[in-house]
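Okay everyone, thanks for coming.

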Amino acid sequence: MGKPPAACIQSRHLSVQACPVGGSTMTFMVLLCLGLCLSQMTHVQAETLPIPIIWAEPDPVVAQGKPVSIWCQGSQNADQYCLYREGVPEPLRREFPLGPSNKAKFPFPHMTYHLAGRYSCLYHRQTSWSVPSKPLDLVVTGMFNKPSLSALPSPIVTSGGSVALQCGSWQEFDWFVLCSKEGEGHPRHLDSQHQADGWFQALFTVDHVSPSHRQTYRCYGYFSSSPFVWSTSSHVLELLISGVSRKPSLSVLPGPVVAPGQSLTLQCHSDVGYDRFALTKEGAGDPPQRLGWQSQAELSGADFPLGPVRPSHGGRYTCYGGHTLSSEWSAPSEPLDILVAVQLPQGPPPTLSAQPGLPVAAGENVTLRCQSASFFDAFLLSKEGEAGPPLHRRSQHQGGEFQADFPLRSVTLDRGGTYRCYGSLSSTPFLLSHPSDPLELVVTGVPAAVTSSLQTPDSTSCMAQPDRFPR
């Protein structure tokens with residue numbers, strides 16, 4: 001009888017089998033070993049063993065320095081388990097169960113890039129070796145700067161709709177990978193697309209979104225030379241699935257026109273009894289802000305503080321209500337425009353005057369005129385203490401001046417107060433000029449019926465004009 005191969009010889013000092021030499025040719029070598037054993041050790045009856053199962057806990061995608069364990073599950077009474085990494089012919093680790101067991105644990109207390117790679121395992125029982133498991137990709141993260149993840153056109157998606165998730169970076173990654181936070185499905189890999197401005201990105205399409213489970217994602221970048229070494233994770237992006245339940249209301253304190261550095265609070269309220277609320281900004285791919293509910297009388301709601309205000313806070317906002325036990329959110333609130341008064345390149349702020357003059361007797365007409373020697377596409381008029389949107393009128397060029405008239409007809413005492421006006425450009429519709437000097441409108445006479453808002457028959461609010469300016 002010929003001598004069996006070394007991998008099949010039982011050790012005289014250890015009553016175990018030496019692990020077969022592995023690597024990328026491991027399957028072939030194990031089968032060859034089994035064949036030689038059968039042909040040369042005819043007194044032994046080899047058995048066919050179930051294919052082992054390999055997995056990683058807590059996850060095969062592991063941050064640098066964090067612990068991870070690889071498990072290999074074989075059959076009952078296995079006496080040895082061997083762990084292999086692709087490209088290394090010798091087994092990386094061996095485990096010998098102390099008693100009857102159908103699995104073995106290979107712990108790694110600290111994940112490093114040296115441990116990243118493609119793993120497989122096999123096991124031995126009595127006189128037989130199993131075939132290798134399916135491969136397991138063990139990835140280390142945190143080795144490069146994180147990419148950004150955004151939803152296009154918005155992280156708000158109607159149930160059943162589609163959205164594109166953009167993973168991008170200024171770093172020259174060859175590939176980007178998108179993962180579900182809950183681990184649903186396999187990671188999706190796309191090659192990087194180099195943009196003209198030097199930006200690298202990949203667009204992942206997510207179809208048929210459903211409120212039946214939370215849609216949360218993160219992404220990574222990596223290089224072709226080291227496919228198991230990934231960047232730090234992007235922030236987690238959760239898609240907001242918009243439904244048809246009753247919309248909440250959105251308001252702002254102290255008012256929709258603010259100066260940089262001021263504090264601002266957006267308030268989302270509803271009488272439906274929602275226990276969570278989300279605030280989104282139009283055109284922003286960032287995740288919506290979320291808050292739990294705060295009960296006020298018969299309303300539920302949440303306050304979203306924005307401040308100190310920066311020019312980037314200018315924009316159109318909506319909010320949603322939802323219930324903790326559901327992934328679906330309500331229909332959106334009516335939009336609310338936040339306008340930030342900054343120093344525009346046009347020069348000094350506009351001026352505000354009353355025509356024909358002040359004071360004004362109750363029941364008479366008066367026109368508030370906002371004008372400037374510099375070009376503005378539109379002018380806006382606000383009243384101190386009014387929470388509603390400012391009045392908006394397009395600019396007219398007359399007598400070398402750009403101006404807009406805001407007529408107030410049959411004024412009542414409640415129309416009295418402090419007014420200011422602003423200039424606006426169509427290219428930056430949510431940024432206004434510095435305000436004009438305040439104008440104190442004094443109304444004299446017998447009190448009349450109180451009107452409820454600043455709205456006049458000849459003016460329009462920002463809220464009622466989605467397009468705001470002529471193209």
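So, how many bridges pair E10 and strand E12, and in which sense, parallel or antiparallel? E10 and strand E12, residues 163–169, pair over five bridges, in the antiparallel sense. Before I go on: this is a predicted model, where local features need pLDDT of at least 70 and side-chain atom pairs count only at pLDDT 80 or more, while totals for chains, interfaces and linings use all residues. Residues are numbered from 1 along each chain as its sequence is written, and side-chain values use heavy atoms, with hydrogens and water left out.

A strand here is a DSSP run of E with at least two residues, numbered from the N terminus, and two strands pair if DSSP finds at least two bridges between them.

Back to E10. Ser150 stands opposite Gln166 in E12. Both strands belong to an open sheet of four, ordered E10-E12-E16-E15, with antiparallel pairing. Strand E10 (148–152) and strand E15 (193–194) are at the edges with a single partner strand each, so one side of each has no neighbour in the sheet.

There's another open sheet of four strands, with the order E30-E32-E36-E35, and its pairing is antiparallel. Its edge strands are E30 (351–355) and E35 (396–398). Neighbouring strands are turned by 35° against each other on average, direction ignored; for that angle, axes are lines fitted to C-alpha atoms, and angles run from 0 to 180 degrees between N-to-C directions. E35 joins strand E36 (residues 401–408) through three bridges, and Gln396 has Gln403 in E36 as its bridge partner.

Now the cysteines. The structure holds four disulfides, meaning pairs of cysteine sulfur atoms within 2.5 Å. I'll show you some of them.

Cys167 sits in strand E12 and Cys219 in strand E17 (residues 216–222), so the link ties together parts that are 52 residues apart in sequence. The S-S torsion is about 80°, so this disulfide is right-handed. Cys167 is buried at 0% relative accessible area, where buried means under 20% with a 1.4 Å probe, protein chains only.

Next, Cys72 and Cys121, also with sulfurs 2.1 Å apart. That link is right-handed too, with 80° about the S-S bond.

And Cys268 is joined to Cys319, S to S 2.0 Å. Cys268 lies in strand E22 (residues 264–270) and Cys319 in strand E27 (residues 315–322), so parts 51 residues apart in sequence get tied together. Cys179, though, is in no disulfide; the nearest cysteine sulfur, that of Cys219, is 8.7 Å away.

Technical notes. Buried means under 20% relative accessible area, exposed over 50%, partly exposed in between (1.4 Å probe, protein chains only).
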